[in-house]
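Good morning, and thank you for joining this group meeting.

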Amino acid sequence: MSAKSAWDCLQIIRNKNRPTVENYIPLIFDEFYELHGDRHFGDDHAIKGGIASFEGKPVTVLAQVKGRNLNENKNTNFAMPHPEGYRKAMRLALQAEKFKRPIICFIDTPGAFCGIDAEKRGQGEAIAQSLFLFSKLKTPVISVILGEGGSGGALALAVCDRLAMLENAVYSVISPRGAASILWKDAAKEKDAAEVLKITAPDCKSFGIIENIISEPIGGAHNSPTDTAENIKAYISNSIRDVTKLNTEELLKARYHKFRKIGVYGE
Amino acid sequence: MALENLFGLVKERWKPTSSETTKEENTEAVKGTAAEITDAPLAAAEAAATSGGTAVPFKCPRCMQTTPADAFSQNLWVCPSCNFHSRISALDRLRIFVDKGTFSEFDKTMTSLNPIEFPGYDEKTAALRAKTGISDAILTGTASIHNIPFVIGVMDSNFLMASMGSVVGEKITRAFEYAEENGLPMVLFSASGGARMQEGIISLMQMAKTSAAAARYSEAGGLFISILTDPTTGGVEASFASLGDIIIAEPKVLIGFAGRRVIEGTIKQHLPEDFQSAEFQLEHGFVDMIVERKAMRKTLRHILRLHGFGGVKNVG
């Protein structure tokens, strides 16, 4: 893998033909059944949940859904979840724990939605509860960042045992655009901000934030969704094999320490 | 990146500044100020003016009324006209909230490094350490109210709007771990603009780290009282601050996930004044109660007692 700049990666993941989780689900899983709703408020289309068979074994799938055209994006709110999306994910995560099946999360969001209704229904609380729940969930959680890993809205599905990024994906505390407007009062300087923030997969690997980088075909995943899906499948397969070697206590201990050790400070 | 070198640099800057000594003096002031055991907030008048400048009158950002500096600090930095609870330094918060001389600080010298080599970050944090006399945006330690001991964390918005980077995340995590090991309740005064952008993705991970620590502490049966002060927003509101067994807010303070301007930019309309206020959050079910600053000691004492801490014996 050659080292690309953050800006190069952003161009690739913004390609209008970049595959979304809707492309990958049929290529990776069999018998996917979507399960709807948070049982309290509604069904958020920005996060899709369901049960499926992976290599013959049952899993729960949770995925942020980017649209491939304007209509799909209207339906999925450009993959920006509302609180009920995170609450649906939590409901299905608890269900996975009950039935002892691993959870596979696909992350692809600019961030949690910023709006009046999202605030009224507790966007911050929903994300906080997700972090809280996933940190102690007694079943393996394997996550993949497909394109955009935008801030807390992405992290809510990334408290996991194994985290990988597709080669051109980015993972960031703030969007480069947002950072540029804070830093230089100029959103147009997002290219500079993207480099400063160190958001690429190799950056995240070097900081110990992710375990794996999943290769994409030359030029990006859109050049062969099938090959990309094969690579994702291999990663999920290996990860499940690794984490199911641990008993629940070991699994939770390892998950706690995976996050516990992240931080750079002087004493 | 040579972290050691960076660390050396920060250390160099850190030592010759007056911050360490200022800190000592301030901690002494904490020990030396407050009065006897009482439910009243302690000795605001004696507190060093770290929260509002010395003689600058306070202009309330909510009602726009101006209050003379003395009257304002006497009133615990609460606007006498509209009851807006203004931001105060962590040291002043401790002065008026915990029993005299009981605050014993953890991780006093922990300082930020610059993990993503963010331009100007080292200089900024060094200058803030010197200016505020604290090592980063939170003080943690043990303290007591009416001799009831607990672990306390107090965030300070004077330090980079109390954004959460590695130091804040690590100190909070250690505080939860200490509270768990010692069977102590945890009281955390939040105030934050959110995650600390200057530490990039590492700051985002502090949300997961602190929430995981809160989860462990909760599983062990710990009592976590989360107190939201002005402002509690972004990645702090979306992590430990929203995970209290009991969530208390000061009146009228700002509590929310997304910034007001971000939302206004998205929806292209002006938001109502009370949007994301403590009262808005109470109305929508995300806060248990709103408690005035002057009643905070009493309220906390009662809540701690209702959870079996302190009993009836007062050894004071």
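One term is needed at the outset: when I give the angle between two helices, each axis is a line fitted to C-alpha atoms over the stretch in contact, and the angle, from 0 to 180 degrees, is taken between the N-to-C directions. Please also keep in mind that this is a predicted model.

With that term in hand, I turn to a helix pair in chain A. Helix α2 of chain A, residues 21-28, packs against helix α11 of chain A, residues 225-243, at an angle of about 65° and with the axes 9 Å apart. The crossing of α2(A) and α11(A) is right-handed. Which residues meet there? From α2(A) come A:N23, A:Y24, A:L27 and A:I28, and from α11(A) come A:P225, A:T226, A:A229, A:I232 and A:K233. Sorted by class, this contact has 6 nonpolar, 2 polar and 1 charged residues. The spacing of such positions follows a general rule: an α-helix has 3.6 residues a turn, so residues three or four places apart point the same way.

Next, the sheet in chain A. Strand β2(A), residues 47-54, and strand β3(A), residues 57-64, pair in the antiparallel sense over 8 bridges. Within that pairing, A:G50 stands opposite A:V61. The two strands form a hairpin with 2 residues between them, and A:E55 in the turn has a positive phi of about 50°.

On to the burial of β3(A). Because 6 of its 8 residues are buried, β3(A) is largely enclosed by the rest of the structure. Strand β3(A) also runs parallel to strand β4(A), residues 103-109, with 4 bridges joining the two.

How many residues of β4(A) are buried? The count is 7 of its 7 residues, and the strand is mostly covered. In general, the side chains of a regular strand alternate between the two faces of the sheet. In β4(A), A:I103, A:C105, A:I107 and A:T109 point one way, while A:I104, A:F106 and A:D108 point the other way, and all are buried. I draw your attention to A:D108 and A:T109, which are both on that buried list. Strand β4(A) pairs in turn with strand β5(A), residues 141-150, in the parallel sense over 6 bridges. In that pairing A:I103 stands opposite A:V141.

One further helix in chain A deserves mention. Helix α8(A), residues 176-183, has as its buried residues A:P176, A:G178, A:A179, A:A180 and A:S181. The cover over these residues includes α9 of chain A, residues 190-197. After α8(A) comes A:K185, whose phi is positive, near 50°.

I now turn to chain B. Chain B has 316 residues, of which 53% count as buried, and its secondary structure comes to 11 helices and 11 strands. Among its contacts between residues at least 6 apart in sequence, 70% join residues at least 24 apart.

The C-alpha atoms of B:E123 and B:L184 are separated by 37 Å, and the two residues are 61 apart along the chain.

Finally, how the chains meet. In this model 52 residues of chain B are in contact with 41 residues of chain A. On the chain B side, the elements that each supply at least two residues include α1, α6 and α7. The greatest contribution to that side comes from α7(B), with 16 residues. By class, the chain B side has 29 nonpolar, 17 polar and 6 charged residues. Strands also join the chains: β9 of chain A, residues 265-266, pairs with β4(B) in the antiparallel sense over 2 bridges. There A:G266 stands opposite B:T111.

The last topic is the core. The largest nonpolar core has 170 residues, and those with the most contacts inside it are A:L131, A:Y171 and B:M186. Its largest share, 11 residues, comes from helix α7 of chain B, residues 200-219. Setting aside residues up to four places away in sequence, A:Y171 touches A:I145, A:G149, A:A154, A:M165, A:I199, A:C204, A:I209 and B:I201.

Notes:
Residues are numbered from 1 along each chain as its sequence is written. Chains are lettered from A and ligands numbered from 1 in the order in which they are written. This is a predicted model: local features need pLDDT of at least 70, side-chain atom pairs count only at pLDDT 80 or more; totals for chains, interfaces and linings use all residues. A nonpolar core is a set of buried Ala, Val, Leu, Ile, Met, Phe, Trp, Tyr and Cys residues joined through C-beta atoms within 7 Å. A residue is buried if 20 or more other C-beta atoms lie within 10 Å of its own, exposed if 12 or fewer, and partly exposed in between; C-beta atoms are placed from the backbone. Two residues are in contact if their C-beta atoms, placed from the backbone, lie within 7 Å. Ala, Val, Leu, Ile, Met, Phe, Trp, Tyr, Cys and Pro count as nonpolar, Asp, Glu, Lys and Arg as charged, and the others, Gly among them, as polar. Two strands pair if DSSP finds at least two bridges between them. A crossing is left-handed if the near helix is turned anticlockwise from the far one by less than a right angle, and right-handed if clockwise.
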